[in-house]
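Subject: Structure handover

Hi,

The structure is below, with the sequence. My notes on what turned up follow it.

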Amino acid sequence: MIKLILRQLFFVITTFFGVTLITFYLQTLAPNTGEEQQYSEYIARVFQGDLGVSSSTRTPVSEEFLAHLPASVELVVLASTLALFIGLPLGIVSAINHRKPTDLIINYTSLTAYSMPIFWWGIILIMFFSLNLGVTPVAGRLSFLFDIEPVTGFILIDTFISKEPYHMDAFKDAIHHLTLPVLVLATMPTAIIARMARQTMLETLANDYMLTAQAKGLSKFKIYWVHGLRNALIPFTNMLVLQISTLMTGAMLTEYLFSLPGIGKWILDALEKSDFQSLQGGILITTTLVIFINAIIEMLQTWLNPKRLKRTRIYNG
Amino acid sequence: MGNQQKVFINPHLPQTRVSNWVLFRHDTFATIGLIILLLIFMLALLNPIIAGNPNLQDATAQLIPPSWNEDGTPDHLLGTDMLGRDMFGRILSGASLTIGTSVIVVMLALILGIPLGVFAATSASMVQLLIMRTMDILLAIPSLVLSIIVVAILGPGLMNAGIAVTLVLLPNFVRLTRSYILEELNKPYVTAARLDGASPSRIIFKIISPNVAAPLIIHTTISLSTAIVDIAALGFLGLGAQAPLPEWGSMLSEARTSMYVAPWAVTTPGLAIFITVLSINLVGDGLNTAINSKSRN
């Protein structure tokens with residue numbers, strides 16, 4: 001276990017420094033900031049939490065990041081929860097009915113959803129729901145009519161706890177604004193989760209102990225949902241980790257499409273304005289977060305399933 | 001003697017490739033996907049001959065809806081955009097741009113990735129560590145962020161978007177090649193070959209490679225659909241192909257401003273991406289089922 005933690009630590013540190021090399025280079029691209037900076041100075045500043053000052057807004061990059069983080073977290077958490085709650089049961093039902101019509105329908109629907117370019121799918125939904133039916137707003141987080149003081153930065157929480165008399169209307173309005181982005185972002189992960197759940201469940205169902213469970217006369221429910229699902233969850237979560245990058249890319253495109261003030265929109269704006277300070281800071285923090293999340297999940301998984309230790313030793317060097 | 005020989009030689013056992021093809025052909029959806037894909041590829045290849053100038057503007061024919069609409073004309077099958085450019089012609093030209101770039105990108109990732117993967121699987125541990133850590137760093141950066149870094153350094157453009165997507169695809173090719181080779185190296189048939197005195201290069205290129213090829217082909221197919229979506233996404237964000245170029249993603253972003261008056265100019269390029277990606281994924285899915293269902297039996 002200690003060896004595992006050390007290895008993960010080594011991985012996190014080398015990857016972090018690799019990324020700082022890239023972001024340091026990005027910073028040097030900024031039109032002359034007055035002083036030449038050395039890599040060592042850059043690293044020292046990064047460790048003090050100083051990521052420089054945005055050249056377009058003149059506020060510290062770390063503050064900018066924190067201001068944009070909640071919108072992204074809100075979007076990603078809602079979308080991935082939705083995806084998990086729809087995708088997982090769909091995949092399992094599909095696997096249980098292997099090669100039956102239900103399986104075919106679920107499998108090919110998810111393949112279709114998976115093939116949809118998210119930016120196009122978003123535009124189609126905007127055209128249909130916002131322009132034709134007029135049921136959802138086109139962009140933003142909240143109507144300009146409401147003046148809600150940001151406390152947590154999460155619009156759903158802020159409108160809910162606000163003391164203003166119209167705060168429940170604002171809350172409903174926030175939900176209205178979030179519905180379409182969440183749906184757009186959740187589509188592809190739902191399809192991916194359904195397909196991964198189907199695949200891992202099929203592999204699990206092919207094991208001998210499933211036959212044993214059947215021979216023991218266990219109920220169908222127990223066989224599939226207790227024995228099957230439990231054993232399928234391990235390979236499933238392994239595959240899920242690989243999708244973090246897909247989710248982040250999807251979130252960035254969704255934020256761009258709906259003008260949501262999240263990290264993705266912020267980074268894209270920084271690139272457009274050639275604000276290299278914000279760009280390097282945003283990239284550094286985002287990537288570091290992803291590395292940390294990956295490392296923590298990796299350790300958790302190995303802790304839950306020590307068999308992995310043996311395997312990773314062989315394949316992951 | 002004659003009887004004994006029959007034990008070893010089964011004349012009816014089809015070759016792997018043949019039996020894979022048989023399994024694939026029985027998959028209706030995969031076959032449909034393959035046919036559509038071949039058609040799209042043919043259009044993309046023939047495009048320089050059949051399509052006219054995609055940037056030709058006709059001031060008298062602006063914002064014409066598709067021909068099945070009552071206001072449409074047969075001259076413009078998919079209508080025209082704000083500048084009076086024929087959408088059908090632009091989508092055809094876009095096929096060579098978007099798909100052509102993606103094919104080149106996947107080829108590049110393949111050509112660079114496989115040797116790196118083989119190298120990482122067989123060389124000394126320090127070299128291995130260096131290659132794999134570099135790949136891990138590339139893999140740790142979310143794909144769009146990696147593309148943004150490349151565009152920030154090299155500037156926007158279709159070629160730079162291609163470089164960005166190559167970098168996005170590369171680590172997975174290296175990792176997969178390496179892990180498949182390492183997995184196979186532990187198997188008895190490789191030990192047998194080694195005991196027979198096969199050289200390391202013979203083991204990799206003659207003995208292991210047929211078994212590693214199948215999963216890599218599946219991965220290449222999936223990568224092609226990723227490449228198309230990523231290139232189009234970069235075009236859509238204004239980081240890839242620039243405005244007058246009829247790349248599908250940048251067409252979408254150009255038409256987005258006229259979404260209210262000309263919805264068809266938004267839907268058709270997206271539909272083109274969607275149909276292409278869907279047919280590639282159908283083929284990939286069919287290949288996956290064909291190859292995996294056999295190894296399971």
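Helices here are DSSP runs of H or I with at least four residues, strands are runs of E with at least two, and both are numbered from the N terminus. On that basis chain A reads α-α-α-α-α-α-α-α-α-α-α-α-α along the sequence. That is 13 helices and 0 strands. Keep in mind that this is a predicted model.

**Overall build of chain A**

The C-alpha trace of chain A spans about 75 × 55 × 35 Å along its principal axes. Chain A has 317 residues, and 39% of them count as buried. Take the contacts in chain A with a separation of 6 or more: 72% of them join residues 24 or more positions apart.

**The interface with chain B**

On the chain A side, 39 residues are in contact with 41 residues of chain B. Which helices of chain A each supply at least two residues to that side? They are helix 1 (2–28), helix 4 (101–114), helix 5 (118–132), helix 10 (244–258), helix 11 (263–272) and helix 12 (276–304). By class, this side of chain A has 28 nonpolar residues, 11 polar ones and no charged ones.

**Helix 1 of chain A**

Helix 1 of chain A has 27 residues. From first C-alpha to last it reaches 39 Å, close to the 39 Å expected at 1.5 Å a residue. Its buried residues are A:Thr15, A:Val19, A:Ile22, A:Thr23, A:Leu26 and A:Gln27.

**Helix 3 against helix 12, chain A**

Helix 12 of chain A also meets helix 3 (residues 61–96) of chain A. Their axes come within 9 Å and cross at roughly 60 degrees. Angles of 65 to 115 degrees would count as roughly perpendicular and those under 35 as roughly parallel, so helix 3 of chain A is oblique to helix 12 of chain A. The crossing of these two helices of chain A is right-handed.

Which residues meet there? Helix 3 of chain A brings A:Val61, A:Ser62, A:Glu64 and A:Phe65. Helix 12 of chain A brings A:Gln277, A:Ser278, A:Gly281, A:Gly282 and A:Ile285. By class, this contact has 3 nonpolar, 5 polar and 1 charged residues.

Best regards

Key: Residues are numbered from 1 along each chain as its sequence is written. Chains are lettered from A and ligands numbered from 1 in the order in which they are written. This is a predicted model: local features need pLDDT of at least 70, side-chain atom pairs count only at pLDDT 80 or more; totals for chains, interfaces and linings use all residues. Two residues are in contact if their C-beta atoms, placed from the backbone, lie within 7 Å. Ala, Val, Leu, Ile, Met, Phe, Trp, Tyr, Cys and Pro count as nonpolar, Asp, Glu, Lys and Arg as charged, and the others, Gly among them, as polar. The expected span of a helix is 1.5 Å times one less than its number of residues. A residue is buried if 20 or more other C-beta atoms lie within 10 Å of its own, exposed if 12 or fewer, and partly exposed in between; C-beta atoms are placed from the backbone. Axes are lines fitted to C-alpha atoms, for helices over the stretch in contact, and angles run from 0 to 180 degrees between N-to-C directions. Angles under 35 degrees count as roughly parallel, over 145 as roughly antiparallel, 65 to 115 as roughly perpendicular and the rest as oblique. A crossing is left-handed if the near helix is turned anticlockwise from the far one by less than a right angle, and right-handed if clockwise.
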